[in-house]
Amino acid sequence: MEPFTCFMDVENSRSYIDELYSEENCKCQEAIVCLKNAVIGSNKKKGSIISQGIVPRLIALLCNTGKPLQLRIDAGIVLGSLAKGTESQVHSLMRFNIVEVLITIIFDPSTNERLMEACLGALQTIVQYPFAPLDLIHSDINNIKRLIQIASPRSSFACQMYVVNIFVPLCHSSHQQKSLCQAEVIPFLARLMICDNTTLQVPALKCLAAMCFTNKSVSNIVHATYHADRSILDILTALLSRTRDVQVQLSASRCLTYLHRAGSLPAEDYRIVYKTLPCLARLCSDEFEEDTRATAAETLAYLAEIDSELQRLAAISNHLIVSLANLVKCPSVLSRQGAFRCFASLAANDEEIRKRIIEMDGLMEEVLSGLKDGCAEVRLSAVRCLHSLSRSVQLLRTTFQDHSVWRPLMDLLSGEPSLELQTVVTSTICNLLLEFSPAKEPMLESGAVEMLCELTKHPDPALRLNGSWALMNMAFQAEQHVKTKIINTLGTDRIFQLLGDRDERVIMKTLGLLRNLLSNTLHIETIMSEHSSEVLRAVSLVLDDPHPPEVKEQAIIIIGNITAGARDEDYVLQDEKIVKKIRDFLVANDNKLQMGAVFVVRNLLEKSGRQQILRQWGFLENLEQLLRMTPQHSQFYEDIRDEILRFEYSEDH
């Protein structure tokens, strides 16, 4: 009979710890039982045991096949209990190669089932940590196959439960997902999914979801797999029933969500539209536990993130917006994060949905509070929500202005924000700088130009894009002093660098910036009088490089704007290289380039005396050739003929 000594003070008494090293199995057994009872539920006592150097002795007892079975089992149970301590305590166990020890015993065909259960339980606890050496299992596909054998239908319930829970953290990377798939884990999971035992079903579903996450090849295999004459898709759909355990419903809906987002299930599939989406919307309601609602909201956000029809359906499902408005007021990090992110998805495309969200009582205050939350993930989700809402012209002019949203957004860029947070914040700022936004002026006065110009130097292309995009928006229909400040702060050298950027989107937005800077006759003359050589050199750089037609088209439009707006000097005609480019684009094999070149010619001909110069450069000849290449009944044909007639008109007069 085991002595009742679980309340012994480990720190003040070494009596049973000394007996742990006894060669007498009976004394050693009594000591390890005392130790087992002492460490249960006490991280302090776990830490004391580890610090006293007892772990190597426990490992030695566990591995010694000459010791009694119960002694070895209890050693495994104590090690498993120590693994449930603090993160630093688990790190300490790692120094003794605990995972290698456990795997060796688990994979030994002669290991007793009860000992197997103790070791599997300890391994299950350890592999949940991100620093666990999972490669020791993934190093050989036979390791995974062996675990499946250990959890066969003939095995104990505990073995099956531990193994399926071990698999859950084993499939984070695409390589790991593929490895589990090749080891035939999917049929194993399918068997557990239909066993009607929640303890096995939930981890099986979680593992299947993790395997499908952003992995199209694995998702396609899942889509095509059958078990017991039923497709896995049908099994998952049946598990969404209200009669199932809530966690089973939630986990099955996550599987179907990930299958959809991986591309294996279309958005219009009935299992997504009529099963998964309504299930998730229902699980967000107040009748469920807070953590269930939070996870459902996060999953629904991901499901509807890129599909406007799913967003529309979700917004009218099961009073979802009201449920999310209640969820966002909950204290937990996961609740606020899930609610904000779901609001962000719902509001991504539809103005009416944005209106319904913002009308929720106190919601804007919750969003602004989220921007200052102590948790980085909550802050990020709150900004995502603002980003979606900022796509509304009406909200920019009303709610955003009433709450001076731009201030806390700018504050988020101070310090050392994460790359993801910077990207979403600056994307939102791009919208706040649109010409109809009242936030534009105060942001200009608060150093927005300097901040955005600095952003264009960032090594991350998404931030360079947002910097150039925001400057483009700021320059649109701006006053002369704003345009001058942008040019002087950004500098022509930086403009050249942006036009040579590796990311084509950055080049397009920089050209858009130049186009907006050179969009008013007075402004064009002022800017060109100071920076004509730099501007023309920048445009010429884009025309020379092997960019697609839509990029070169933007550069041509800038040239057209200069020819229309520069009254005092013929800047374009003085640049022979650009003139030849425009002439050649008239007969290029792309309609965008042809139309852009005709636009430039039209503006050049606005000023008298240029017809003869353009004729000498061969423009009339190319216009006539372009006319022959163009369908006669098109508007473009008429435009070309009009320009040709202007050449002839100039000769007659």
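This is a predicted model: local features need pLDDT of at least 70, side-chain atom pairs count only at pLDDT 80 or more; totals for chains, interfaces and linings use all residues.
Visitor: How many aromatic pairs does the model hold?

Guide: A pair of aromatic rings is described by the distance of the centres and the angle of the planes. The count here comes to five aromatic pairs.

Visitor: What is the geometry of phenylalanine 167 and phenylalanine 188?

Guide: Their ring centres are 5.8 Å apart and their planes stand at 85°. Planes over 60 degrees apart count as edge-to-face, so this pair is edge-to-face.

Visitor: Where do phenylalanine 167 and phenylalanine 188 lie?

Guide: Phenylalanine 167 belongs to helix α11 (residues 157-167), phenylalanine 188 to helix α13 (residues 185-193). The pair therefore ties together parts 21 residues apart in sequence.

Visitor: Are phenylalanine 167 and phenylalanine 188 buried or exposed?

Guide: Both phenylalanine 167 and phenylalanine 188 are buried.

Visitor: Now phenylalanine 213 and tyrosine 302. What kind of aromatic pair do they form?

Guide: A tilted one, with 5.7 Å centre to centre and 45° between the planes. The pair links distant parts of the chain, 89 residues apart. Phenylalanine 213 sits in the loop between α14 (198-212) and α15 (216-224). Tyrosine 302 is in helix α19 (residues 290-304).

Visitor: What does relative accessibility say about phenylalanine 213 and tyrosine 302?

Guide: Buried means under 20%. Tyrosine 302, at 13%, therefore counts as buried. Phenylalanine 213, at 35%, counts as partly exposed.

Visitor: Which residues form one aromatic cluster?

Guide: Phe213, Tyr258 and Tyr302 do.

Visitor: Rings can also face charges. Which residue lies over the face of tryptophan 469?

Guide: Lysine 509, at 4.0 Å from the ring centre. In another case, the charged end of arginine 537 sits over the ring of phenylalanine 496, 4.1 Å from its centre.

Visitor: On to helices. At what angle do α2 and α4 pack?

Guide: Helix α2 (residues 25-39) and helix α4 (residues 55-63) pack at about 125°, with axes 13 Å apart. That angle makes α2 oblique to α4. The crossing of α2 past α4 is left-handed.

Visitor: Which residues of α2 and α4 meet?

Guide: From α2 come Cys28, Ile32 and Leu35. They meet Arg57, Leu58 and Leu61 in α4.

Visitor: Last, histidine 223. Where is its place?

Guide: In helix α15. Histidine 223 has a relative accessible area of 31%, so it is partly exposed.

Visitor: What does histidine 223 touch?

Guide: Leu233, Ser264 and Leu265, not counting residues up to four places away in sequence. C-alpha to C-alpha, histidine 223 and leucine 256 are 9.8 Å apart in space, and 33 residues apart in sequence.

Note on methods. Residues are numbered from 1 along each chain as its sequence is written. Side-chain values use heavy atoms; hydrogens and water are left out. Rings of Phe, Tyr and Trp (its six-membered ring) pair if their centres lie within 6.5 Å; planes under 30 degrees apart count as stacked, over 60 as edge-to-face and the rest as tilted. Helices (H or I, at least four residues) and strands (E, at least two) are DSSP runs, numbered from the N terminus. Buried means under 20% relative accessible area, exposed over 50%, partly exposed in between (1.4 Å probe, protein chains only). A charge sits over a ring if NZ of Lys or CZ of Arg is within 6 Å of the ring centre and within 35 degrees of the ring normal. Axes are lines fitted to C-alpha atoms, for helices over the stretch in contact, and angles run from 0 to 180 degrees between N-to-C directions. Angles under 35 degrees count as roughly parallel, over 145 as roughly antiparallel, 65 to 115 as roughly perpendicular and the rest as oblique. A crossing is left-handed if the near helix is turned anticlockwise from the far one by less than a right angle, and right-handed if clockwise. Contact means heavy atoms within 4.5 Å.
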